[in-house]
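Open the model in your viewer and keep the selection panel at hand.

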Amino acid sequence: MRNIQSILSEHIYPVLPPGIVQLIMSLPPSVLTKITEIRLRANQPLLLVLDLHDIMVAESGHVSGESQAYRCSRDDLIKTFQLICKNSVYAFEQELRLGYLTINGGHRVGLAGQVTTFDGTIKALKNISSLNIRLAREVPGCADNIIPFVVAGGRRILNTLIISPPRCGKTTILRDLLRQLSTGKPALSIPGVQVGLVDERSEIAACQNGIPSVDLGPRVDVLDACPKASGLLMLIRSMAPDVVATDELGRAEDADAVREAVHAGVSVIATAHSRTVKELGQRPHISELVKQKFFERYVILSGRLGPGTVEEIYDSIQDKVIYSCRNEVKICG
């Protein structure tokens, strides 16, 4: 597992202007190890989001208030954007229309700026005014408290949906859960199973040239940068997985693919944005999966004690909470 400083050195600093790199490098390790996001906004302070709060950085390289903070120039954003795109914006047009890019290491960069539309469809994003670099991190063991609740009878993987608002550790938890299912848990009499992963945004496996750069165990097959719906069915046909997994369900075709996978006898583990199962039931497309109980387990996360706080695990078949965070111990982040 890479520590945060090596992640910054290998993946993040190469896409930032040298002046901003120097500011971040001047911070003490106790701050660097807690960075989860780096936010650049034109003419606004450089903002570093830590586990539970954010900070601003002065030009002297110290944590500061807003009045002394280094303010990102438009040139800073242009330079960062060019470094991320490797001076080839055309090659990233599709991702830009979705409002994000993924860089080496599986780190997602969110973008905001001027949108161009045609017939109500987003055609381009230009004049970038905000960048949010979200650091992807491996946290081995962060799914330890979850895995006993998603495996039945020693081998059958229960259809499981991990839900939370953004920035609460869904992807990190999913990554470690897949690693543990792939490797197996002898202490719990859980053998390793074949896992098929559709990594549409290249965040979970952080593939480089199609090969995962994070530890997913010995039994995971990855379709990188592939649309979820078509990828799930492709893996079922081609790789005969015991379980398929993907991140951030939301579209009608995603829900259809989940139905087909379950009807084909393959377990599904996925994530979605929502604070509660009740709220999830109000979302278009996903609501039908909730009502028809396609998912047997719901893992509800929050950021209350830091990213990856497991608030509850809900059994939809028995219609009851089977785990609740009573001792206020976070397990991820």
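What volume does the second largest cavity have? The second largest cavity has a volume of about 60 Å³. This is a predicted model, in which local features need pLDDT of at least 70 and side-chain atom pairs count only at pLDDT 80 or more, while totals for chains, interfaces and linings use all residues. Residues are numbered from 1 along each chain as its sequence is written, and side-chain values use heavy atoms, with hydrogens and water left out.

**The cavity.** Select E138, V139, P140, T172, R175, D176, R179 and D215, which line the second largest cavity. A cavity is a set of points on a 1 Å grid over the protein atoms alone where a 1.4 Å probe fits but cannot get out, and lining residues have an atom within 4 Å of a point.

**Helix α2.** Next select residues 18-25, helix α2, where I20, V21, L23 and I24 are buried (under 20% relative accessible area, 1.4 Å probe, protein chains only). Helices are DSSP runs (H or I, at least four residues), as are strands (E, at least two), numbered from the N terminus. Seen down the axis, the buried residues of α2 fall within an arc of 160° and so line one face of the helix; the arc is that of the directions from the helix axis to the C-beta atoms.

**Helix α4.** Stay on α4 and select D76, L77, T80, F81, I84 and C85, which are buried. These residues cover an arc of only 155° around the axis, which puts them on the same side of α4.

Note on methods: 1 Å grid on protein atoms, 1.4 Å probe; cavity = no way out; pocket = protein on both sides within 12 Å on 5 of 7 lines; lining within 4 Å. Points joined across faces, edges and corners; volume = space filled by probe spheres on them. Buried < 20%, exposed > 50% of the residue type's maximum accessible area, 1.4 Å probe, protein only.
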